[in-house]
Amino acid sequence: MANIRDVARHAGVSVSTVSNVLNGRVDQMRKDTLARIEQAMAALQYQPNRAAQQLKTGQVKMLGLLVPSIVNPSFAALVREIELAAKQNYGYQVLLGDTHRQEEEEIRFLDDLLALGIRGVVVASTFYDRPHFRDALKRGLVMINYDERTLTAPGETVLPIDSVSMDNCAAGNMAAQHLLAQGCRRIAFATASGMTSSRANKIAGYRQALEDAGLPATVIEGKAQFAFGDAEMAELGKTLAEQICQSEPRPDGVVALNDMLAIGMISAFQRLGVQVPQDISVVGIDNMFLSELFNPALSSVAPPLREMAVKIVDRLIGRLENPELPVEEFLFAPSLVRRQSVINT
């Protein structure tokens with residue numbers, strides 16, 4: 001069985017250079033050197049001793065990623081981008097926890113991370129300030145939050161948790177502004193029950209756009225059967241479409257909480273004989289990959305997901321290496337992707 005010295009000899013480099021590759025320290029390494037080492041590892045079928053690495057460092061080269069529901073394609077896309085950023089930039093693997101926002105599942109996942117020697121975790125779109133998260137911080141886990149801004153009440157001790165998020169207020173505003181620009185005047189916001197801060201911020205941005213236009217703002221909410229409806233968005237969209245069709249006067253434009261909700265709505269509109277965009281224009285938020293494949297293709301407000309994932313991983317690794325980093329919030333600007341679900345005036 002090949003060892004690290006065999007790899008170094010085969011690649012014509014020092015053992016320490018191979019070690020740098022194994023530990024993700026490749027920023028200053030020449031590309032041809034890295035390529036030779038990777039080719040040598042493949043040729044020799046070299047597998048690093050992860051157990052030995054953990055004994056030496058007290059941790060493994062893995063990060064945790066806690067998401068509410070992998071069924072939601074927007075979270076699946078986040079997982080993919082974080083996995084790519086962690087592996088390509090640092091040589092880290094990602095361990096996924098699909099917890100459905102359930103406290104007992106979150107506690108079990110955090111305990112498993114600590115037991116496995118994993119010290120860094122991305123907490124996606126959930127309530128990071130719950131007691132079990134605070135307890136995990138005290139036990140040495142390092143966290144970064146995605147899509148829920150880590151603001152604290154005045155006088156409260158700031159938790160050492162950075163946050164990375166799209167500017168959700170700007171996203172809601174941008175979606176509503178697009179409908180207004182295309183002549184829509186009866187615009188509703190469709191959402192699921194359960195008010196996370198990201199949802200509240202999208203609605204706030206939508207309301208501001210309608211207020212600036214001198215128009216009433218209407219929020220239509222669907223009741224989820226399970227938790228916050230993360231795995232039920234398409235079905236909720238169908239239910240909300242029926243409510244919208246029964247409204248008097250009926251909206252001529254809808255901003256949907258996310259693309260899955262929007263796609264469920266459009267499918268129900270079509271079944272009910274309501275044409276999109278001729279009768280109702282629809283804009284989603286998150287620009288998942290299915291949106292351009294649907295008919296009509298869905299206009300959506302897109303987060304710069306790849307750039308956000310890189311920032312998440314960079315910041316989490318940075319805090320693992322330097323716990324004294326000041327807590328920061330990183331807001332990313334959204335962009336509008338125009339497709340065929342909004343009428344073109």
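Does Ser-198 count as buried or exposed, and at what relative accessibility?

## Ser-198

In this predicted model, Ser-198 has a relative accessibility of 4%, so it counts as buried, the cut-off being under 20%. Ser-198 is part of helix H9, which covers residues 197–212.

The side chain of Ser-198 makes a polar contact of 3.2 Å with the side chain of Thr-196. With neighbours within four places in sequence left aside, Ser-198 is in contact with Ser-125, Asp-147, Glu-148 and Asn-168.

## Helix H3

Helix H3 runs over residues 31–44. Its 14 residues should span 20 Å at 1.5 Å a residue, and the C-alpha atoms at its ends are 20 Å apart, which agrees.

Thr-33, Ile-37, Ala-40 and Met-41 are the buried residues in H3. Viewed down the helix axis, the buried residues of H3 fall within an arc of 100°, so they line one face. An α-helix has 3.6 residues a turn, so residues three or four places apart point the same way. Helix H1 (4–11) and helix H2 (15–22) are among what covers the buried residues of H3. Lys-31, Gln-39, Ala-42 and Ala-43 are exposed on the other side of H3. Just after H3 comes Gln-45, with a positive phi of about 55°.

## Nonpolar cores

The largest nonpolar core has 73 residues, and Ile-82, Val-255 and Phe-269 touch the most other members. Not counting residues up to four places away in sequence, Val-255 touches residues including Ala-175, Leu-179, Phe-189, Tyr-206 and Ile-285. Another core, of 16 residues, lies apart from the largest one; Val-121, Ala-136, Met-143 and Leu-159 are among its members.

Note on methods:
Residues numbered from 1 in each chain as written. Predicted model: local features only at pLDDT ≥ 70, side-chain atom pairs only at ≥ 80, totals over all residues. Heavy atoms only, no water. Core = buried A, V, L, I, M, F, W, Y, C linked by side-chain atoms within 4.5 Å. Buried < 20%, exposed > 50% of the residue type's maximum accessible area, 1.4 Å probe, protein only. Contact = heavy atoms within 4.5 Å. Helix = DSSP H or I, 4+ residues; strand = E, 2+ residues; numbered from the N terminus. Expected span 1.5 Å × (residues − 1). Arc of directions from axis to C-beta. Polar contact = N/O pair within 3.5 Å; in protein donor to acceptor, adjacent residues only side chain to side chain.
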